[in-house]
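Okay, thanks everyone, I'll keep this short.

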Amino acid sequence: MSNKVYYKTEEEIEILRESCQLVGKTLAEVAKIIKPGVTTLELDKIAEEFIRDNGAVPGFKGYGGFPNTLCASPNDAVVHGIPNCKPLENGDIISLDCGVLKNGFYGDSAYTFKIGEVSEEIDKLLEVTKESLTFAIQNAIVGKRLGDIGYAVQHHAESNGYGVVRELIGHGLGRNLHEAPEVPNYGRRGKGMILKEGLVIAIEPMINLGVRNVEQLDDGWTIVTADRKPSAHFEHDVVVRKGKAEVLSTFEYIEEVLKNKN
Ligand code: MG
Ligand code: MG
């Protein structure tokens, strides 16, 4: 990854918004059919078809050799899981991370879904992880620093007793899926690169119920927790603005579908 930071013009941000919104709509299509018994390969197929029907291409498929449209990471898998034909079970959680490329710009967003009924312990992990993303986004404003974003995630997660993954991090987003700067989910307030208008970043806390340590499986992709306890992951694409960050991606379509299923 080049160290060059590409600040986006308003025209570029509008194109990016379309890509980011398409990711949210794709995950909402997946949300419609996610339930115990369905396989992640089935979800992957729906996601790929929907993306192509909307004039875009999957952003992850072929990226670094990744074989699929979705990263499907259940339970103790943190990120980068490969879709397979194992049915999801009641009580599972699964992070579905999706990227698209449209009009030359990427969108990249992730949501952790509950399969049927999950335990209270896991429910809280998901809630706190999502909150940590919200707190991070509140810090993505002009004049703050990257360390403020990382601190916001780390402080909220750790004060709830969770482990914050350090080996994988958020990133700049634009014509490349991963651009500078790196956006860690840990940090110190007032440290790191100063945030300027037009910086577009993907913020993606990966929060573990147990220890923060992770390992990679022999498939060369899947990252799992070292203690094999569950992990949650939410990701939004955000523009740094004065006073209030602008979120380009969306969970609205997903949550509308989930609400109507219950
Ligand atoms: Mg992602
Ligand atoms: Mg990302």
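So, Cys 20: it's buried, with a relative accessible area of 0%. Keep in mind that this is a predicted model. Where's the closest cysteine sulfur to the sulfur of Cys 20? It's in Cys 98, and that's 11 Å away, so too far for a bond.

Now Cys 98. Buried or exposed? Buried again, relative accessible area 0%. The closest cysteine sulfur to the sulfur of Cys 98 sits in Cys 71, at 9.2 Å, and that's too far for a bond as well. And if you search the whole structure, you get 0 disulfides.

Okay, on to the metals.

Asp 108 and Glu 235 link distant parts of the chain, 127 residues apart. Asp 108 is in strand E5, residues 105-114, while Glu 235 is in the loop between strand E13 (231-233) and strand E14 (236-239). Both Asp 108 and Glu 235 are buried.

One more thing on Asp 108: it bridges two magnesium ions, ligand 1 and ligand 2. How far apart do those ions lie? 3.1 Å.

That's me done, happy to go back to any of these.

Terms used: Residues numbered from 1 in each chain as written. Chains lettered and ligands numbered in written order. Predicted model: local features only at pLDDT ≥ 70, side-chain atom pairs only at ≥ 80, totals over all residues. Heavy atoms only, no water. Disulfide = S-S within 2.5 Å. Buried < 20%, exposed > 50% of the residue type's maximum accessible area, 1.4 Å probe, protein only. Donors = N, O, S within 2.8 Å, 3.2 Å for Na, K, Ca; no water. Helix = DSSP H or I, 4+ residues; strand = E, 2+ residues; numbered from the N terminus.
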